[in-house]
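Thanks for coming, everyone. Let me put the structure up and walk you through a few places in it.

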Amino acid sequence: MVEKTVGVAVTGLGFVGGQAHVPAVKKIEGAKLIAVIDVVEELAKNVASKYDVKYYTDFNKALKDPKIEALIIAVPTPFHYNLASEAIAHGKHVLCEIPLTPNVADAYKLKDQARKAGVILIPDLNFHFVPNYVKVKELIDQGAIGEPIAVTFSESIAAKDLQVQWPAGSWAWKAEKSGGYPDFTLSQWGIDLIRWLVGREIEEVEWMCNYAPLEGFEKFTGYNTVGIVRFSNEAVGTLHYSSTVVRGEGTSRLEVLGNNTKTIRANWNNSLTLTAESETEKKTWNFDAEARGTRAWGHRQIDQHFVNCVLCKEKQVITVDDAIKVQSIARKMVKK
Ligand SMILES: NC(=O)c1ccc[n+]([C@@H]2O[C@H](COP(=O)([O-])OP(=O)(O)OC[C@H]3O[C@@H](n4cnc5c(N)ncnc54)[C@H](O)[C@@H]3O)[C@@H](O)[C@H]2O)c1
């Protein structure tokens, strides 16, 4: 029996679409990369030729391609709503980047539209699939730390890298286009991560944000954004996002503290420790092999999950409601 495959196209071939989703889709099971789409023709042509697929510069023309059944939308946030809405109207399944839309009202509209159209709409909350975070969740669910009662997460990106990705004046720095500044956008995966790990909703959050001009950078401010959260079960947490470090120092750290006095500590996306009273009891896991290429940050796994949902092989584990909750928490850092 021939297994059904899903025809997929990726639109937006920048940092996330071009470097993560396109190579990921080429590797996943049950999917066939049909086309790549970008308004910049040179870019679309180059990516298409590298992966031996066709390209479109006009999204609406791509929507008329019957071979494209599912779309991964990785264009800048201000265009998510229109593209996702058009795709759904054409009966295509959609995996859309985060934030889904600059404001939650439009995210609710997409949710409703997808439900009525009977298509899958998955927000790209890819931290659910990062190998060492998956292990953290497994350990928590096994009771390794008892009940999680506190969590801390910090994530930094090098100022020079952020400046290349999202220069001053780009859409990512305009709240009306992206919903907030880059800290608003980049905080969302970590917020989602701690909700998922603790297994409770965040009921309260207090943000303090510092935006500082950086030495050696023109017209470019760095952010240090700190949040304190309280979950519905009284567990507490802190979040720290920074873009004021040098290249090579961009990293993330996660600690989940349990009521049995043990702690799970994850460094970046490749290692994990479960603490114990003695060195011999302490357990460490290394994910170097899994934390490579498009699997490193879960893009390949979430694209696989998306395709499996389209093929009815898996039940959707991340919903638009998750994206809306996460975004509502992040939004509180944005000054009116
Ligand atoms: N999941 C993640 O790990 C992750 C990380 C960072 C950012 N993001 C999100 O991914 C999205 C894209 O961010 P990025 O940094 O890759 O952006 P980018 O600016 O690097 O790339 C966007 C691409 O989309 C193209 N584009 C613009 N309008 C288009 C249209 N109408 N049709 C087709 N192509 C169009 C641009 O030409 C560009 O090539 C944003 O929503 C961002 O918040 C996701």
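Q304 sits in helix α11, residues 299–310. Helices here are DSSP runs of H or I with at least four residues, strands are runs of E with at least two, and both are numbered from the N terminus. A polar atom of the Q304 side chain lies 2.9 Å from the backbone oxygen of E29.

A word on the model. It is predicted, so local features need pLDDT of at least 70 and side-chain atom pairs pLDDT 80 or more, while totals for chains, interfaces and linings use all residues. Residues are numbered from 1 along each chain as its sequence is written, and side-chain values use heavy atoms, with hydrogens and water left out.

Now the ligand. 28 residues surround the ligand, each with a heavy atom within 4 Å of it. The closest are D38, T77, H80, E97 and I98. By class, the shell has 16 nonpolar, nine polar and three charged residues. Here Ala, Val, Leu, Ile, Met, Phe, Trp, Tyr, Cys and Pro count as nonpolar, Asp, Glu, Lys and Arg as charged, and the others, Gly among them, as polar.

Look at the polar atoms. A side-chain one of T77 is 2.9 Å from a ligand oxygen. N126 places one 3.0 Å from a ligand nitrogen. For D124, the distance to a ligand nitrogen is 3.3 Å. Taken alone, the ligand exposes 860 Å², and the protein buries 86% of that; areas come from the Shrake-Rupley method with a 1.4 Å probe, and for residues only the protein chains shown count as cover.

Next, salt bridges. How many does the structure hold? There are 18, each a side-chain nitrogen of Lys or Arg within 4 Å of a carboxyl oxygen of Asp or Glu.

Take E255 and R265, which meet at 2.6 Å, N to O. E255 is in strand β11 (252–258) and R265 in strand β12 (263–267), so the pair ties together parts 10 residues apart in sequence.

R115 and D112 pair at 2.8 Å. Both lie in helix α5, residues 104–117, three residues apart, about one turn of the helix. R115 is exposed at 58%; D112 is partly exposed at 30%.

Last, a network: salt bridges link D192, R195, E201, D322 and K325.

Definitions and conventions:
Polar contact = N/O pair within 3.5 Å; in protein donor to acceptor, adjacent residues only side chain to side chain. Buried < 20%, exposed > 50% of the residue type's maximum accessible area, 1.4 Å probe, protein only.
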